[in-house]
Amino acid sequence: MRNVYLDYSATTPVKDEVLQEMIPYFTEKFGNPSSLYDKGLESRDAVSHAREQVAALIGAQPKEIFFTAGGTEADNWVVFGAADKLKAKGNHIITTKVEHHAMLHSCQFLEKQGFEVTYLDINEEGRVTPEMLEAAIRDNTILISIMMVNNEIGTVMAIQELAAVARAHGILFHTDAVQALGNVPINVKELGVDLMSMSAHKIYGPKGTGALYIRRGVHISNYLHGGAQEAKKRAGTENLTGIVGFGKAAEIAKRDFDKHVEHCRTLRNHLVERVLAEIPNTFVNGTMEHRHPGNASITFEYIEGEAILLFLNHAGISVSTGSACSSNSLEPSHVLTALGVPVEKIHGTVRFTIGDFTTMEDVDYVVDTLKNVVSRLREISSVNTQKGW
Amino acid sequence: MALYNDIVMEHFMNPKNVGELENPDGSGTYGSPVCGDMMQIQIKVEDETIVDAKFKTFGCGSAIASSSMATSMIIGKTIEEALDITNKQIIDALGGLPPVKVHCSVLADRAIKNAIYDYAQKAGKTYAALEGYDPNEDEDEHDHGDIEE
Ligand SMILES: Cc1ncc(COP(=O)(O)O)c(C=O)c1O
C-alpha cells in the first residue's frame, strides 16, 4: 500500500542531513555546554553555531535567539514574561481568536489572574487588519500577539503592518511564527517585531526544540528559573542534540527556501484544483492569496471529517481534520468558527499540508482516493443536497 | 494502535443496513449536523416484529458503526425487545468505544427509540417503555478535551 503523509503542519520528519549532524552529539560530543574543559567548549561551540544558523534564517543577531523546548514554551514565555515585566504599566493584552492554544490557553490563564485580554476577530480572508488592531488598543495595553501563519487555514497575516501599529503606540509586539518559519520570507528587522516564537519540528528538525527571538533592547521576565544558560534568560542544560538539529534544519530551510516554497505551492495548487473540479460541494477555507504554500483546508459538505480521515488512513494517507474530532476533541475548530464557517460544515473540514517529500503521484493518489471516500460517505449520510442540512 | 477496535472498524468500513425504506412503518432521527452527528433510522414492522431497518448517518466513524450495529441488533426483534436495548448493549456489541465516542451509541439508541415512537404514533400503539418519552430531549453533555498541532 502507498503511504502518503499530508500533515506537514502537524510535524515533519527529520531530514537525513539534520539527523547526521545531530548523531555525534548523542555519543562522542556529549559534553555539557556549561563545562569549562574542551568537551564542554565543543558543545558550547555547537550551540553557538546553531544560534547563528537560526538567526540567519530570520535576519536576527545570534544574541537575539534563545533556545526553548519548542513553540509552546516560547509562546508561554512571551505571555507570562511580558505580563510579569509590564504589570505596573498595564494589564491588557491583545491577541486573536485564531491563535494556537499555546497562546490562547496562556492568555486565558492570565485572565484568571486579573489580566484583560482582547481576542481579535478575523475578516473573511482570515486576517486581522491594522484598523481592527488599532481599534482594540487601550492605554493599558502591554502586549500584542498575532500569529504570522495560521496552523489550520494557512493564512499569512500582514505582520509588518500590524507590528507598525504596535510600535506607533510603544506596545510590545510578538508573533507566533511556528508555521511561518521556512514557509514564508521572514526578516525580523523588516517586519519590526519585538518577539517571535519558532519550533524545529515543523521545519524538518527534531521535536521538543524551538526558540524565542527577543529583539535587542526588549526585556521580558524569565519563565524558567535555574542555571545561567541562554545568557541567564532560559535556565536548563541545553537540549544539545535538539539545538544542533534545529540549527541545521534552519540552515537548510534558508538554503532551499525558494525550491521548497515552489514545490509545496505547485503540489498544493494541483490538489486544490483537482478537488474543487472533481468533487462537488467542496470549498477551500481562507484566502488563496496570502497563504502557507503547502496548506489546503478543504470542506466536504454533508459528511464528517473523522470519517474521511479514517477511510484515508485505511488507504495509507495521513491528514488532519478541522473539527479536531479525531484529535480527541468534539469542539468545532475555533479557527473555522472565527472565519464564519457554519458549524455543520466545520465538521466536514480536512487539512492537507504538503511538504518536501510529497510527490505529484502522492497528490493524485490522494485525490483519486478522496473521490471514492467522499461519494461513499455521502451515500451513507443523512444530509445531502436535496434534503439540505 | 488504532482509534477503534476491529469490530467498530468493520461496521464503519462496511456498514450494514445503509439506506432508506420505501414505506417505513416508523422513522426516527436524532442528533444534528451542528453537533457533528445526525442519524436517521427507519423500521418495517410486521406483527410487532421489526423485519427490516435502514439507517443514514452524518457523523464520525463510531456514529456510522453504532448505526450499523444498532440496526443489525433490532432486526428480528419485537418492538418490546428493541425498546429494551440500551446504548451500553450497543457499545458492548461493538467491543467498546473510546470514552469521547460513547455519545454515538446514545445517538443510535435514541434514533431507534424515535423510530419506534413514530411507529407507535402512526399505528396508535402504546408501550410502557415509551411512557413520557420525549423524542427531542437532549442527550447529556459529553466530555471534551483538545490537542492541537
Ligand atoms: C502556530 C503554532 N504555535 C505553536 C505550536 C506549538 O509548537 P510546539 O509543538 O513546538 O510546542 C504549533 C504547533 O504545534 C503551532 O502550529
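Student: With which residue does A:Arg255 form a salt bridge, and how far apart are the closest N and O atoms?

Tutor: Please note at the outset that this is a predicted model. A:Arg255 forms a salt bridge with A:Glu17, and the closest N and O atoms are 3.0 Å apart. The two residues are 238 residues apart, with A:Arg255 in helix α9 and A:Glu17 in helix α1 (residues 16-22) of chain A. Both ends can be classed by accessibility: A:Arg255 is partly exposed at 46%, and A:Glu17 is partly exposed at 34%.

Student: How many residues does helix α9 of chain A have, and what is its reach from first to last C-alpha?

Tutor: The general idea is that an α-helix has 3.6 residues a turn, so residues three or four places apart point the same way. Helix α9 of chain A, residues 240-255, has 16 residues and reaches 23 Å, close to the 22 Å expected at 1.5 Å a residue. The helix α9(A) is mostly covered, with 13 of its 16 residues buried.

Student: Which residue meets A:Arg274 in a salt bridge?

Tutor: The partner of A:Arg274 is A:Asp364, at 2.8 Å from N to O. A:Arg274 belongs to helix α10 (residues 257-278) and A:Asp364 to helix α14 (residues 360-380) of chain A, so the pair ties together parts that are 90 residues apart in sequence. A:Arg274 is buried, because its relative accessible area of 14% falls under the 20% cut-off. A:Asp364, at 25%, counts as partly exposed.

Student: Which residue of chain B meets B:Glu48 in a salt bridge?

Tutor: B:Glu48 meets B:Lys125, at 3.1 Å from N to O. B:Glu48 lies in the loop between β2 and β3 of chain B, and B:Lys125 in the segment after α5 of that chain, so parts 77 residues apart in sequence are tied together. B:Glu48 has 23% relative accessibility and counts as partly exposed; B:Lys125, at 36%, is partly exposed as well. Salt bridges can also share partners: one network joins A:Arg274, A:Glu278, A:Asp364, A:Asp368 and A:Lys371. Over all chains, the structure holds 27 salt bridges.

Student: In what order do the strands of the open sheet in chain B lie, and is the pairing parallel or antiparallel?

Tutor: Strands of a sheet pair through backbone hydrogen bonds, either parallel or antiparallel. In chain B, three strands form an open sheet in the order β1-β2-β3, with antiparallel pairing. At the edges are β1 (26-32) and β3 (49-58) of chain B, each of which pairs on one side only. Neighbouring strands of this sheet are turned by 15 degrees against each other on average, direction ignored. Strand β2 (residues 37-46) is joined to β3(B) by nine bridges, and B:Glu46 has B:Thr49 as its bridge partner in β3(B).

Student: Which strands of the sheet does helix α5 of chain B touch?

Tutor: Helix α5 (residues 102-123) packs on the sheet and touches β1, β2 and β3 of chain B; its direction makes about 40 degrees with that of β2(B). Helix α2 (residues 61-74) of chain B lies across β2 and β3, running at about 175 degrees to β3(B).

Student: What area is buried between chain B and chain A?

Tutor: The size of an interface is often given as the accessible area lost when the parts come together. Between chain B and chain A, about 2,900 Å² is buried, with carbon and sulfur atoms giving 60%. The contact involves 33 residues of chain B and 39 residues of chain A. Two salt bridges are found across this interface. A:Glu306 and B:Lys101 also meet through their side chains in a salt bridge, at 2.9 Å from N to O.

Technical notes:
Residues are numbered from 1 along each chain as its sequence is written. Chains are lettered from A and ligands numbered from 1 in the order in which they are written. This is a predicted model: local features need pLDDT of at least 70, side-chain atom pairs count only at pLDDT 80 or more; totals for chains, interfaces and linings use all residues. Side-chain values use heavy atoms; hydrogens and water are left out. Helices (H or I, at least four residues) and strands (E, at least two) are DSSP runs, numbered from the N terminus. The expected span of a helix is 1.5 Å times one less than its number of residues. Buried means under 20% relative accessible area, exposed over 50%, partly exposed in between (1.4 Å probe, protein chains only). Two strands pair if DSSP finds at least two bridges between them. Axes are lines fitted to C-alpha atoms, for helices over the stretch in contact, and angles run from 0 to 180 degrees between N-to-C directions. Contact means heavy atoms within 4.5 Å. A salt bridge is a side-chain nitrogen of Lys or Arg within 4 Å of a carboxyl oxygen of Asp or Glu. Buried area is the accessible area (1.4 Å probe) that two parts lose on being put together, summed over both.
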